[in-house]
Amino acid sequence: MVKKIKLKNVVEYSKKRSNAKSLKIDTYITTDNLLPNKLGLKQATGIPPSGDSFPAYSEQNILVSNIRPYLKKIWFSNKNGICSSDVLNFVTKENYSAKFIYYNLHQDSFFEHMMQGAKGTKMPRGDKNQILDFEIPNFPFESQKKIANILGDIDTKIDLNNQINDNLSYYFTQLLPVHSSS
């Protein structure tokens with residue numbers, strides 16, 4: 001039987017802040033530019049008009065939309081930036097693999113857990129304390145890294161296959177009709 005550990009023992013909410021000078025559209029994360037169904041993110045369409053201090057995220061943080069958890073918006077950070085206060089910003093504690101934790105939070109069961117503690121009907125928000133009670137497998141650090149690497153390799157392969165499909169789709173819809181008419 002695999003031992004479990006509560007999320008609160010492996011991550012904490014980031015307390016990092018940054019000033020408005022650091023606010024850039026290509027590194028600003030809000031619930032609007034996190035994509036539903038765990039599809040990552042797109043570039044923000046705007047930045048907040050005012051404010052002196054904003055929540056900051058760093059590379060290797062896990063960002064999750066806390067509004068409407070059923071939309072399953074999550075992203076593993078590969079850069080530094082600023083995020084909305086409606087985005088949960090998880091920082092991994094020492095001796096835990098950030099990517100391993102990300103893959104555990106990437107599961108539907110995590111978002112179901114968030115919804116169980118959510119408050120509000122029109123725009124439910126997860127309860128920050130209840131979220132930290134979510135349990136993940138408690139593997140040794142080296143095992144976490146190996147599991148995360150395998151899952152990362154699978155993600156890379158899926159991304160590559162999606163790019164190939166997009167290219168083939170473009171070829172068949174854009175280029176092939178041009179060549180077949182001549």
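**Pocket linings**

Mentor: Keeping in mind that this is a predicted model, I would begin with helix H4, which contributes 5 residues to the lining of the largest pocket, the largest share of that lining.

Trainee: OK, and how much space lies in the largest pocket?

Mentor: The largest pocket holds about 530 Å³ of space, and of the 16 residues that line it, those closest to its centre are Lys 38, Tyr 102, His 106, Asp 155 and Asp 159.

Trainee: Switching topic, what volume does the second largest pocket have?

Mentor: Its volume comes to about 170 Å³, and the residues lining the second largest pocket include Tyr 13, Lys 16, Arg 17, Pro 55, Ser 84, Leu 88 and Lys 128.

Trainee: Which element gives the most to that one?

Mentor: Strand S9 gives the most to the lining of the second largest pocket, namely 3 residues, while strand S5 (53-57) and strand S9 (87-92) each supply at least two.

Trainee: How many charged residues are in the lining of the second largest pocket?

Mentor: There are 3 charged residues in that lining, alongside 5 nonpolar and 4 polar ones.

Technical notes: Residues are numbered from 1 along each chain as its sequence is written. This is a predicted model: local features need pLDDT of at least 70, side-chain atom pairs count only at pLDDT 80 or more; totals for chains, interfaces and linings use all residues. Side-chain values use heavy atoms; hydrogens and water are left out. On a 1 Å grid over the protein atoms alone, a cavity is a set of points where a 1.4 Å probe fits but cannot get out, and a pocket is an open set with protein on both sides within 12 Å along at least five of seven lines; lining residues have an atom within 4 Å of a point. Grid points are joined across faces, edges and corners, and a volume is the space filled by probe spheres set on the points. Helices (H or I, at least four residues) and strands (E, at least two) are DSSP runs, numbered from the N terminus. Ala, Val, Leu, Ile, Met, Phe, Trp, Tyr, Cys and Pro count as nonpolar, Asp, Glu, Lys and Arg as charged, and the others, Gly among them, as polar.
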